[in-house]
Amino acid sequence: MPQKKITIVTRGQGLYEFTRHATELVSEAEINEGLLTIFVRHTSCSLLIQENADPDVRRDLTAFFSRLVPPSDDPSMGWIIHTLEGPDDMPAHIKSALTTVSIGVPISEGRLVLGTWQGLYLFEHRNQPHRREIVLHISP
């Protein structure tokens with residue numbers, strides 16, 4: 001079955017939509033029913049299915065997670081040991097653990113079964129730009 005690797009170049013923390021890549025793969029596969037499995041090959045970012053209409057949703061989610069898990073140089077995070085890669089590194093691993101690195105989306109009638117306002121996102125948890133690899137795999 002079809003499989004594709006895509007690379008998303010990030011500019012720091014935030015949500016980066018890649019729905020178009022997934023819908024193109026499903027269309028090219030010419031499969032009527034199946035499952036698209038999406039997997040990100042990193043430990044300091046994650047995947048989300050989230051609203052893709054209002055950009056305020058993405059900004060609010062990024063702000064929420066920043067408040068939930070602040071940088072390791074924040075006084076409330078003094079318990080963190082892993083700090084060699086900067087104050088955003090261990091918090092990025094925590095945020096990734098709270099979300100997910102793999103998502104399954106059903107395929108029906110040759111299309112992803114996403115809701116009207118749902119999009120697929122890479123959720124970057126690091127401050128610095130990164131090149132993130134995502135694997136898209138279709139199973140019948």
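# Briefing: helix H2 and its surroundings

Helix H2, residues 55-68, has 14 residues and spans 20 Å from its first C-alpha to its last, close to the 20 Å expected at 1.5 Å a residue; the expected span is 1.5 Å times one less than the number of residues. Helices (H or I, at least four residues) and strands (E, at least two) are DSSP runs, numbered from the N terminus. The model is predicted: local features need pLDDT of at least 70, side-chain atom pairs count only at pLDDT 80 or more, and totals for chains, interfaces and linings use all residues. Residues are numbered from 1 along each chain as its sequence is written, and side-chain values use heavy atoms, with hydrogens and water left out.

**Faces and packing of H2**

- The buried residues of H2 are Leu61, Thr62 and Phe65, where buried means under 20% relative accessible area, exposed over 50% and partly exposed in between (1.4 Å probe, protein chains only).
- Seen down the axis of H2, these buried residues fall within an arc of 95°, so they line one face of the helix; the arc is that of the directions from the helix axis to the C-beta atoms.
- Arg59, Asp60 and Arg67 are exposed on the other side of H2.
- Strand S2 (14-17), strand S4 (45-51), helix H3 (89-98) and strand S7 (118-124) are the elements against which the buried residues of H2 pack, with contact meaning heavy atoms within 4.5 Å.
- At the start of H2, the backbone nitrogen of aspartate 56 has a side-chain oxygen of aspartate 54 within 2.9 Å.

**Aromatic pairs**

- Two aromatic pairs are found in a search of the whole structure; rings of Phe, Tyr and Trp (its six-membered ring) pair if their centres lie within 6.5 Å, and planes under 30 degrees apart count as stacked, over 60 as edge-to-face and the rest as tilted.
- The ring centres of phenylalanine 64 and phenylalanine 65 are 5.4 Å apart with planes at 85°, so this pair is edge-to-face.
- Phenylalanine 64 counts as partly exposed at 47% relative accessibility, whereas phenylalanine 65 counts as buried at 12%.
- Phenylalanine 65 and phenylalanine 123 also form an edge-to-face pair, 5.3 Å centre to centre with 90° between the planes.
- This pair links distant parts of the chain, with phenylalanine 65 in helix H2 and phenylalanine 123 in strand S7, 58 residues apart.
- Phenylalanine 65 and phenylalanine 123 are both buried.
- One aromatic cluster is formed by Phe64, Phe65 and Phe123.

**Aspartate 89**

- Aspartate 89 lies in helix H3 and is buried, with a relative accessible area of 2%.
- Its side chain is joined to that of arginine 126 by a polar contact of 2.9 Å; such a contact is a pair of N or O atoms within 3.5 Å, where, within protein, one must be able to donate a hydrogen and the other to accept it, and residues adjacent in sequence count only if both atoms are side-chain atoms.
- Not counting residues up to four places away in sequence, aspartate 89 touches His82 and Arg126.

**The chain as a whole**

- The protein chain has three helices and eight strands, in the sequence pattern β-β-α-β-β-α-α-β-β-β-β.
- Its C-alpha atoms fill a box of roughly 55 × 30 × 20 Å, taken along the principal axes.
- Of the 140 residues in the protein chain, 39% are buried.
- Among contacts between residues at least 6 apart in sequence, 79% join residues at least 24 apart.
- The accessible surface of the protein chain is about 7800 Å², with 52% belonging to carbon and sulfur atoms; accessible areas come from the Shrake-Rupley method with a 1.4 Å probe, and for residues only the protein chains shown count as cover.
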